[in-house]
Amino acid sequence: MQVSEAVAARRSTRAFLDRPIETALLRDILERAARAPSGGNLQPWHIHLLGGAGMERFRAVMEPKLEAGHADTPEYPIYPSPLAAPYRDRRFAVGEEMYTRLGIPREDKPARLRWFQNNWRFFEAPAGLFLFVDREMGAAQWSDLGGYLQTVMLLLVEAGLASCPQEAWAVHHKTVASFCDVPENLMLFCGLAIGHPDPDASVNALATSRAPSNEWLTIHD
Ligand SMILES: Cc1cc2nc3c(=O)[nH]c(=O)nc-3n(C[C@H](O)[C@H](O)[C@H](O)COP(=O)(O)O)c2cc1C
């Protein structure tokens with residue numbers, strides 16, 4: 001597969017087949033993705049991979065929290081507040097496109113909320129990972145995490161798998177940190193749901209748009 005094919009094919013996938021994935025395959029992808037560059041070669045990513053019985057154990061911890069309506073205060077603001085245009089409009093647009101696919105109208109807030117909770121079930125994916133970063137790290141190292149994450153997602157595409165990056169996990173960072181038993185100096189950035197995409201799920205037909213390049217590209221030649 002060409003890199004450009006993988007870039008074009010990757011999309012956030014929010015419904016998966018009930019088909020397990022070999023841990024060895026995922027370990028290999030996570031290790032190869034560490035070829036991603038990072039400033040000063042700090043490699044500031046810390047990954048916890050959940051699959052098989054590990055995922056079952058995690059679900060057993062998470063599900064009662066969801067049923068009790070538990071949430072932690074996120075350790076970092078997921079979006080700036082207030083979120084100004086054009087970012088606000090793009091965020092609104094993707095939300096509307098997704099809930100339209102799902103057939104959940106804007107007025108039906110409880111149904112939207114219920115669906116959003118699937119984030120905290122890894123969208124029923126058979127595998128998932130959590131990406132942590134040292135608290136001492138700053139904006140530059142957080143950008144390295146993005147490079148690592150995209151490399152993982154592209155290698156997953158090459159392996160015929162799909163994924164969804166999930167900042168939503170920030171809302172349950174204490175539960176995640178406690179389950180993973182990470183030291184205090186690590187904080188959760190996001191999760192990544194991993195699995196075989198469900199081709200029949202309407203939400204997976206969502207093909208998000210991108211702003212035209214004249215909104216963000218300036219060329220000096
Ligand atoms: C770091 C990161 C965190 C994200 N967090 C979530 C999330 O919590 N839940 C979700 O459904 N999608 C999440 N997304 C997916 C974005 O909504 C998605 O990437 C964007 O709408 C573009 O769509 P595409 O990935 O299909 O191209 C996240 C994406 C990134 C890069």
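**Cavities, pockets and helix packing**

Trainee: How many cavities of 30 Å³ or more are there in this structure?

Mentor: Keep in mind that we are looking at a predicted model. A cavity here is a space where a 1.4 Å probe fits but cannot get out. With a threshold of 30 Å³ or more, the count comes to one.

Trainee: Which element gives the largest share of the lining of that largest cavity?

Mentor: The largest cavity has a volume of about 30 Å³. Its lining is made of Leu-26, Ile-29, Leu-30, Leu-49, Leu-129, Val-152, Leu-156 and Ile-194. The elements that give two or more residues to this lining are H2 and H6. The largest share, three residues, comes from H2.

Trainee: How many residues in the lining of the largest cavity are nonpolar, polar and charged?

Mentor: Look at the names in the lining, among them Leu-26, Ile-29 and Val-152. Leu, Ile and Val count as nonpolar. By class, the lining has no polar residues, no charged residues, and a nonpolar count of eight.

Trainee: H2 and H6 came up together, so to speak. Are H2 and H6 oblique or roughly perpendicular to each other?

Mentor: Two packed helices are described by the angle between their axes and the distance between the axes. For H2 (residues 23-33) and H6 (residues 139-158), the axes are 9 Å apart and the angle is about 135°. That angle makes the arrangement of H2 relative to H6 oblique.

Trainee: Is the crossing of H2 and H6 left-handed or right-handed, and what classes of residue meet there?

Mentor: On the H2 side the contact uses Leu-26, Ile-29, Leu-30, Arg-32 and Ala-33, and on the H6 side Tyr-148, Thr-151, Val-152, Leu-155, Leu-156 and Glu-158. By class, that contact has eight nonpolar, one polar and two charged residues. As for the hand, the crossing of H2 and H6 is right-handed.

Trainee: Now for another pair. Are H4 and H5 oblique or roughly perpendicular to each other?

Mentor: The axes of H4 (residues 87-102) and H5 (residues 109-116) are 12 Å apart, and the helices pack at an angle of about 95°. Angles from 65 to 115 degrees count as roughly perpendicular. H4 and H5 are therefore roughly perpendicular.

Trainee: How many charged residues are in the contact of H4 with H5?

Mentor: H4 brings Glu-96, Met-98, Tyr-99 and Leu-102, which meet Arg-112, Trp-115 and Phe-116 of H5. By class, the contact has five nonpolar residues, no polar ones, and a charged count of two.

Trainee: At about what angle do H3 and H7 cross?

Mentor: Gly-54, Arg-57, Phe-58, Val-61, Met-62 and Lys-65 in H3 meet Thr-175, Val-176 and Phe-179 in H7. By class, this contact has five nonpolar, two polar and two charged residues. H3 passes H7 in a right-handed crossing. Their axes come within 11 Å and cross at roughly 145°.

Trainee: Let's turn to the pockets. Which element gives the largest share of the lining of the largest pocket?

Mentor: About 2100 Å³ of space lies in this pocket. It is lined by 49 residues, and the closest to its centre are Arg-14, Tyr-79, Arg-91, Val-94 and Glu-167. By class, the lining has 27 nonpolar, eight polar and 14 charged residues. The largest share, twelve residues, comes from H4.

Trainee: And which element gives the most to the lining of the second largest pocket?

Mentor: About 210 Å³ of space lies in the second largest pocket. Of its 13 lining residues, the closest to the centre are Pro-20, Gly-52, Glu-56, Ala-125 and Pro-126. The lining divides into five nonpolar, three polar and five charged residues. With four residues, the element that gives the most is H3.

Trainee: Last one: what is phi of Phe-123?

Mentor: To find Phe-123, look in the loop between H5 and strand E2 (127-134). Phe-123 is a residue other than glycine with a positive phi, and the value is near 50°.

How values were computed. Residues are numbered from 1 along each chain as its sequence is written. This is a predicted model: local features need pLDDT of at least 70, side-chain atom pairs count only at pLDDT 80 or more; totals for chains, interfaces and linings use all residues. Side-chain values use heavy atoms; hydrogens and water are left out. Axes are lines fitted to C-alpha atoms, for helices over the stretch in contact, and angles run from 0 to 180 degrees between N-to-C directions. Angles under 35 degrees count as roughly parallel, over 145 as roughly antiparallel, 65 to 115 as roughly perpendicular and the rest as oblique. A crossing is left-handed if the near helix is turned anticlockwise from the far one by less than a right angle, and right-handed if clockwise. Contact means heavy atoms within 4.5 Å. On a 1 Å grid over the protein atoms alone, a cavity is a set of points where a 1.4 Å probe fits but cannot get out, and a pocket is an open set with protein on both sides within 12 Å along at least five of seven lines; lining residues have an atom within 4 Å of a point. Grid points are joined across faces, edges and corners, and a volume is the space filled by probe spheres set on the points.
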